[in-house]
Amino acid sequence: MHEIVYLSFGNRSAYQTVHFFNAQESYFTFGASEEDPPVLHDVSWREGRGWDGSETYMPRLLLFDLKANIGAMKRVNDMYDPTGAEPISMDVDPYSGAPLETLLARPPIPASSYQDALETAADPSAISPPEAVRTWSDFNRTFFHPRTLQQIPCWQPAGSGTGLGFDGWNLGEEVLVEYEKETSVMEEDFRSFVEECDLLQGFQISADVSDAFSGLSTSFLSHLRDEHPKASMLTFTQYAPRIEGLSADVQAMNESLALQKLEDLSSIVVPLRPGEEWKAGEWSKGMRANFKDLYHTSAILNAHIESATLPFRLRNDPIHLPTVANRLNWRGGNKIASLSGALPLPLPLTADTLRQRMFDFSKWELPSAKEDREDTPFAESNVIRTEMPLAKTQADETLKPLTRLREPLLSRTLVSLPYPLPSSHPAIFPYSTAPLPIFSSLSSSTAPRHIVKHFASLLGSPALRYGVRAGGPGKDDVREAEEALWTVWSGYTDEDDAGEFGLAAESDGEMDEDED
């Protein structure tokens with residue numbers, strides 16, 4: 001079946017992950033249908049049984065977040081526990097030492113008006129999008145398996161100033177150790193999802209890297225890699241803007257170590273610039289999004305993550321995760337990729353309009369990025385989703401001016417399935433509630449040299465060199481991570497073989513015949 005197991009770590013990742021499965025849920029067709037749906041749901045969803053023996057169908061997902069961020073959602077939904085009771089077996093929180101009785105005394109958080117409407121509406125598709133979102137559970141449309149929701153109790157969001165802020169790298173590692181002792185999440189919940197797969201395609205991961213979830217996620221994925229040394233892992237890293245109340249050195253340590261560790265552990269890692277730092281332009285015309293609102297920016301990011309990974313889940317002619325990962329990293333030392341795209345995709349499709357509407361979600365404004373030297377492309381995996389089918393030969397010819405790459409390093413998937421806008425999606429496209437055409441791309445090139453250089457330099461700075469002061473490991477471990485990042489950086493600066501395989505010649509547009 002080529003299943004995928006999904007992992008989400010942290011609040012920003014949870015927002016994007018909930019949008020992801022809301023979109024997946026919208027593909028379901030209920031009742032008789034003459035045609036099979038284009039998306040093979042079993043790749044991401046699993047069958048089960050509820051408390052009364054009824055069939056359930058839920059995401060194959062582990063989602064980690066602080067309990068303080070989860071809102072009104074219960075860990076065990078009504079399909080598995082109609083009483084709504086959630087047993088507590090501890091008197092004192094093992095991570096922070098805070099008495100649980102004080103936490104249990106807090107009044108329950110009421111469900112959002114959107115959730116109330118989902119419960120009572122005869123036609124859920126007719127519900128208006130949420131007007132005010134407190135957290136991701138306010139717009140969630142999906143029932144989760146009891147194993148899915150992993151609540152980290154007592155800790156508060158990073159920078160909270162309460163003394164219980166989920167701030168630094170070391171804290172994240174320590175909390176996972178204690179959490180595993182209490183819940184056996186790796187030995188039971190995670191292993192259960194993996195072992196029920198007939199033919200595991202790989203792991204798709206979204207991880208916050210600016211707070212203590214950097215240490216927690218990399219520690220979890222290190223255990224995963226030990227158990228599954230050959231498995232494909234596609235990791236999207238969610239960066240935050242400057243976190244108020246959190247030491248800049250601590251945040252820099254978190255982000256720097258996460259890039260090094262996740263690059264080492266993952267098959268492909270895709271850094272994502274925080275939406276708060278995006279700038280409006282040609283790419284955002286026709287979009288009324290508030291870039292300071294995580295509900296909005298996570299929806300935009302997810303549209304491209306869900307679309308760029310759609311080939312993994314197609315019923316016909318799928319391109320599986322290992323194939324895409326191997327294509328992007330065919331040189332062997334370029335695991336860091338970029339996510340870019342255009343939403344909505346302007347039609348009719350032309351190279352000039354697509355070039356104007358494209359936005360790179362993995363590009364930071366760094367001093368070294370202002371160099372005049374052009375980036376050298378290595379590989380691309382593009383997805384074009386439209387209502388009416390497009391001819392691949394015509395699309396390839398139309399978009400030929402946009403890249404020097406050719407097959408097999410250039411892959412284009414054309415699908416007659418525009419991106420859905422379920423009622424949970426923010427109303428950022430005022431002129432449309434119908435599914436939208438979209439172009440999304442995962443690509444590898446020399447561009448990541450800038451972000452790698454930036455974080456390698458940070459690890460070598462006096463403020464971070466003695467890592468314990470910034471909530472990180474000791475100086476020897478920091479030095480080792482710095483050296484590893486400089487090694488990664490060198491793989492993006494040697495362009496001797498960048499044009500030897502699947503790269504069109506500058507002069508005549510023909511592929512180089514020497515593929516050795």
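**A guided tour of the chain**

Begin by selecting Pro 408, which sits in the loop between α11 (392-398) and β12 (410-415); helices (H or I, at least four residues) and strands (E, at least two) are DSSP runs, numbered from the N terminus. The bond to display here is the peptide bond from Glu 407 to Pro 408, which is cis, with omega near 10 degrees.

This is a predicted model, in which local features need pLDDT of at least 70 and side-chain atom pairs count only at pLDDT 80 or more, while totals for chains, interfaces and linings use all residues. Residues are numbered from 1 along each chain as its sequence is written, and side-chain values use heavy atoms, with hydrogens and water left out.

**The whole chain**

Zoom out to view the chain, which contains 14 helices and 13 strands. Of its 516 residues, 55% are buried, where buried means under 20% relative accessible area, exposed over 50%, and partly exposed in between (1.4 Å probe, protein chains only). The chain exposes about 22600 Å², and carbon and sulfur atoms supply 49% of that area; accessible areas come from the Shrake-Rupley method with a 1.4 Å probe, and for residues only the protein chains shown count as cover. Contacts (heavy atoms within 4.5 Å) between residues at least 6 apart in sequence join residues at least 24 apart in 78% of cases.

**Two residues with positive phi**

Select Ser 184, in the loop between α4 (169-183) and α5 (185-195). Although Ser 184 is not a glycine, its phi is positive, at about 55 degrees. Ser 184 counts as partly exposed because its relative accessibility is 22%.

Asp 317 is the next stop, in the loop between α8 (294-308) and α9 (321-328). Its phi is near 55 degrees, a positive value in a residue other than glycine. With a relative accessible area of 69%, Asp 317 is exposed.

**A buried methionine**

Now select Met 253 in helix α7 (residues 248-265). At 0% relative accessibility, Met 253 is buried. A distance drawn between the C-alpha atoms of Met 253 and Val 209 gives 9.7 Å, for residues 44 apart along the chain.

**A pair of helices**

Finish by showing helix α12 (residues 449-459) together with helix α14 (residues 475-490), whose axes come within 9 Å and cross at roughly 160 degrees. Axes are lines fitted to C-alpha atoms, for helices over the stretch in contact, and angles run from 0 to 180 degrees between N-to-C directions. The angle makes α12 roughly antiparallel to α14 (under 35 degrees counts as roughly parallel, over 145 as roughly antiparallel, 65 to 115 as roughly perpendicular and the rest as oblique).

To see the contact, show side chains including Val 452, Phe 455 and Leu 459 in α12, and Leu 485, Trp 486 and Trp 489 in α14.
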